[in-house]
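Please open the model in a viewer and keep the selection panel at hand. The stops below follow one another in the order in which they may be selected.

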Amino acid sequence: MTLFKQMALAISLMIITILGAVMAINFQSAKTDMIESIYETTVNNISSLSNKIAQAGDDPALITTIIDSEFDSGYYKKISYKSSDGKFEYTQKDNEAVHGVPQWFVNFTDVKLQSVSSDVSSGWSIIGKLTVLADDSIVYKSLYKTFIKLLFLFVFFVSISLIILSILLQYILRPLKRIQHQAEAILRNEFVIETEEPYTTEFKEVSHAMNAMVKKVEEIFNKANEAAKRNRELLYNDPVTKLFNRRYLMLKLPELISQENKANGGTVMFVALSGAEVLNKTLGRQEADKFFCDLAAIFKEESAVLDEKLIARVNGTEFTLMLPGCETFVAQDIAINIYENFLELLEEREIDAHEVFIDVGIYRYRANATVSDLLTHADDALTKAKADERQHIYVYEEKESSKALGKEQWRQIIEESIDKKHFLLKFWPTLDTKTKYINHKVMTFTINDGKENSFYYGDFIAPAINLGLVGKIYLVALKELLTAQHKELDGTICSIRLSNEFLKDKKAFDELSRLFKQYAKTLNFKLYFEVSDTFAINHTATVKGFVDLFSKYKFGFGINSFTGESDDFNYLKELNPEFIKADVSFLLDQSAESMNALEVVTKSLGIEIIATFVKNEEELKALKKINITKIQGPLTEKL
C-alpha cells in the first residue's frame, strides 16, 4: 500500500471516528431530552385525566368513556384505572408496532419510557389509582428524523473532509511522488535531477539525498563510459587513423562472416599501400600521418552506402574493409572509387603515382566460409592485384556449390514449411556455473521439406531473406513456441534471437503485437528477446520500439554478439537490456582496465554479462577470474 493510501486511510478513520462520536453524542443527547420531555408531558396529562375521572365519581361507564376519549388522542401506549374497592378495573392498551420507522432502528434505539401513576381523589377520599404510559412511537419517529438529519450531515462533512484531505495530501506528498519518479527513472537507467525543492523539511532532505545519489550513479556511469571508450581505443583502434586495428578485426571476423543477409555472404577487401617511405621522406612524418587519415576518410566515405561494415588498419600500410552483404559488383565500384580518390590525394600533394600506389584484392565469400579461408583467399587476391601493374584491382569470387539449391527450390521448401508448419524448435542452455542451474534456454529452429531433409537455420536464412520470407518464418516459429506445450520450458526462461531482417520488416512489429495480445497470457515460462549489438547501435530507435513492446507484456530483453563496438555506451542506458552476451574470446582479450570499466558500466545499469562459445574448462576458469559465471557454448553440455 502506498504512503498516500496509508496516510489517507489513517486520517480518514480518525475523521470518521471523531465525526461519528460527535454524531452519536448528539443522537444520545436528543434521545435523553425527548424521553425527559415526554415524561414531563405525561405527568401533566395524568393530573388533568385524574381530575376528569374524579368528577365522574363511581360511574364506570363515564370513566370508561373518559379513558377511551383520552387514549384516542394518540399520546398513550397504555392507560389503566383501578378503583380502590377493587370492584372496577379498566385498561386501554396499544400493542401495534411502530409505523414509519424501520424495525432495525427500533431495536437499535430501544426507548424505555417510564410509566406514571397517580391517585384519583374525590374530596378527601381516594377512589382509585390511574397509571399512564406514554406512546413511545412518538419518540421513535422523532428520533428517526433526527437520525436521518444527523446521518446526512455526517456523510456531507465526511465527504467534504475526505476531499479536502485528498487535496492536502496530494499537495503535501507531491514531492514524494517526484522522488518516486526519480527512483523509477534510475531503474530505467535514466538520471533525473529534481530541481523543485519540497516545502516539507523531511522531504527536502530526502530529495537532496536522491539528487546526490542520482548524480553519483550518473557520474560513475559517465566515468566508466569514458574509461571504456579510452581503453577500447587503446586496445582496438589505430592511433593515427582511428580505424579499428588487426586485433579487433580478428575478434569481429567470425560474427561478420556468419551475419545473415541477402547476399548469403559478403565481400572482404584488402588494400595495400606501397611507397610509404616516399611519403615520409617527401611529406614528413606529420603530413604522412595526415595522408593516412585522409585515405581512411576515403574508405569510410566510399563504403557509406553499406549499413554494416568494418574498416581496419591491420599494419602500417595495409587496410581491410569487411563488407557483409556486399555483392561483387558493388565491391568493385567501391574499389574503383577508392583508387580514383587515392590518385586525387596524390595529385593534391604532388606525389608521383608510380612511386606511391595502392593495390586492392577483393574476395567474395559465402556464408559457410571460415576465417582461415577468408584470409587466405583475400590475401591471394591482393597478391594477384599487386602482380597486375595496370589494373591494381583483382577480384576472386567464391562460386556457389553445384549442389546448392536454386531460388525457386528454396521458395517451395520455405513456403511449404510455413503452410504445413514443418518447424522443429530446439533449446540450448545458458548455464550459471555458480549455482549449477540453467539460467535460461536459447531457442533456435530447423525446417524440413516434409520428407527426410532437414535444414538448419544457417542453411535457409539467406534464401529466406532474398525471398522476403523472414518475417513469416519467425512468426510461425514464435506462434509454435507460444501455443505448443513445451514441458522442458515449464517455469524457466526462454530467449529468442531476432534476425536483423525481421526487425527491419515494417510489418513485423504489428504482427508481433497481435501475436502477443493473443497468446502472451497463456505462457508457462518467461520470454526474452535478443538483438545483435551492431543492430542495436545502428538502429537504436527501431530496437527501442520493440523493447517497449516487450516491456508491455513483461517480456525480457538482451543484447547478443557484444563487442564494445560503440564509442558510447549510452545506447545501453536507453535500451536497458537485462543482459549482454559476448564471445569468450572478446571478454578474455580485454585488458584489466577495459574489463573493470565494462563491469562498472554494466553493474551501474543492472546488466549481466554472459559469455558465449565457451568451449573448455580453461576458458571457464579465466572467465571466473573476471567475475563472469554465466556461459553458453559446448561446455554447457558437458557440465
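Begin with Arg364, which is buried, with a relative accessible area of 1%; buried means under 20% relative accessible area, exposed over 50%, and partly exposed in between, with a 1.4 Å probe and protein chains only. The model is a predicted one, in which local features need pLDDT of at least 70 and side-chain atom pairs count only at pLDDT 80 or more, while totals for chains, interfaces and linings use all residues. Residues are numbered from 1 along each chain as its sequence is written, and side-chain values use heavy atoms, with hydrogens and water left out.

**Salt bridges**

Helices (H or I, at least four residues) and strands (E, at least two) are DSSP runs, numbered from the N terminus. Glu327 is partly exposed, at 30% relative accessibility.

Next select Lys290 and Asp294, whose side chains form a salt bridge of 3.7 Å, N to O. These two residues are separated by about one helical turn, because they stand 4 residues apart in helix α8 (residues 285-302). Lys290 is partly exposed at 40% relative accessibility, and Asp294 is partly exposed at 22%.

Then select Glu348 and Arg349, which meet through their side chains in a salt bridge of 4.0 Å, N to O. Glu348 is exposed, with a relative accessible area of 61%, whereas Arg349 is buried, at 16%. Shared partners join Lys290, Asp294, Glu348 and Arg349 into one network of salt bridges. The count of salt bridges comes to 24.

**The largest pocket**

The volume of the largest pocket is about 1400 Å³. On a 1 Å grid over the protein atoms alone, a pocket is an open set of points with protein on both sides within 12 Å along at least five of seven lines, a cavity is a set where a 1.4 Å probe fits but cannot get out, and lining residues have an atom within 4 Å of a point.

**Cavities**

There are 3 cavities of 30 Å³ or more. For the largest cavity, of about 90 Å³, select lining residues including Ala228, Arg232, Tyr236, Phe562 and Leu598. Helix α5 provides the largest share of this lining, 3 residues.

The second largest cavity holds about 50 Å³ of space. Its lining includes Phe244, Tyr248, Lys252, Glu308 and Glu565, and α6 gives the most to it, with 3 residues.

Thr32 and Asn466 are 94 Å apart in space, C-alpha to C-alpha, and 434 residues apart in sequence. Thr32 is partly exposed, at 34% relative accessibility.

Methods. Grid points are joined across faces, edges and corners, and a volume is the space filled by probe spheres set on the points.
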